[in-house]
Amino acid sequence: MAVSKIEQSLLEQLKAKGADTVHFRSLVKDYVWMNQQVELMKKSIRKEGTVIRAMSAAGKEYEKENPAVKNNIQYSRQMLAILRDMGLDTESTVTADEDEL
């Protein structure tokens, strides 16, 4: 599954930076969990669209924004913040080729 590859890649990046600590490993697990949630939200948006039908307390049906849209944005921002906290970005990424040098 792609998620385990993401986790493995992030852990390898931490090791390469000498930052393989309990705290950062916990952040990787948080990142992976959020990634799973984002994928579920994307699936919901693809299936139901950006607007869904809901029932008011008075029993009337109405349309509202799919909560997955807003949550997806919030989770994505938090995932980027986790990467920043770990010092992982495109500039500092170590590839397998660089590891062998």
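**Ground rules.** I am working with a predicted model, in which local features need pLDDT of at least 70, side-chain atom pairs count only at pLDDT 80 or more, and totals for chains, interfaces and linings use all residues. Residues are numbered from 1 along each chain as its sequence is written, and side-chain values use heavy atoms, with hydrogens and water left out.

**Helix packing.** I looked up how α2 and α3 pack, and found an angle of about 155° with the axes 9 Å apart; the axes are lines fitted to C-alpha atoms over the stretch in contact, and angles run from 0 to 180 degrees between N-to-C directions. Because angles over 145 degrees count as roughly antiparallel, α2 is roughly antiparallel to α3. Helices here are DSSP runs (H or I, at least four residues), numbered from the N terminus.

**Aromatic pair.** I found one aromatic pair in the structure. W33 sits in helix α2 (residues 22-48) and Y75 in helix α3 (residues 67-85), 42 residues apart. I noted W33 as partly exposed because its relative accessibility is 43%, and Y75 as partly exposed at 25% (buried means under 20% relative accessible area, exposed over 50%, partly exposed in between, with a 1.4 Å probe and protein chains only).

**Serine 44.** I placed S44 in helix α2, and it counts as buried because its relative accessibility is 19%. Leaving aside residues up to four places away in sequence, S44 touches G49, N66 and A68, where contact means heavy atoms within 4.5 Å.

Terms used: Rings of Phe, Tyr and Trp (its six-membered ring) pair if their centres lie within 6.5 Å; planes under 30 degrees apart count as stacked, over 60 as edge-to-face and the rest as tilted. Helices (H or I, at least four residues) and strands (E, at least two) are DSSP runs, numbered from the N terminus. Angles under 35 degrees count as roughly parallel, over 145 as roughly antiparallel, 65 to 115 as roughly perpendicular and the rest as oblique.
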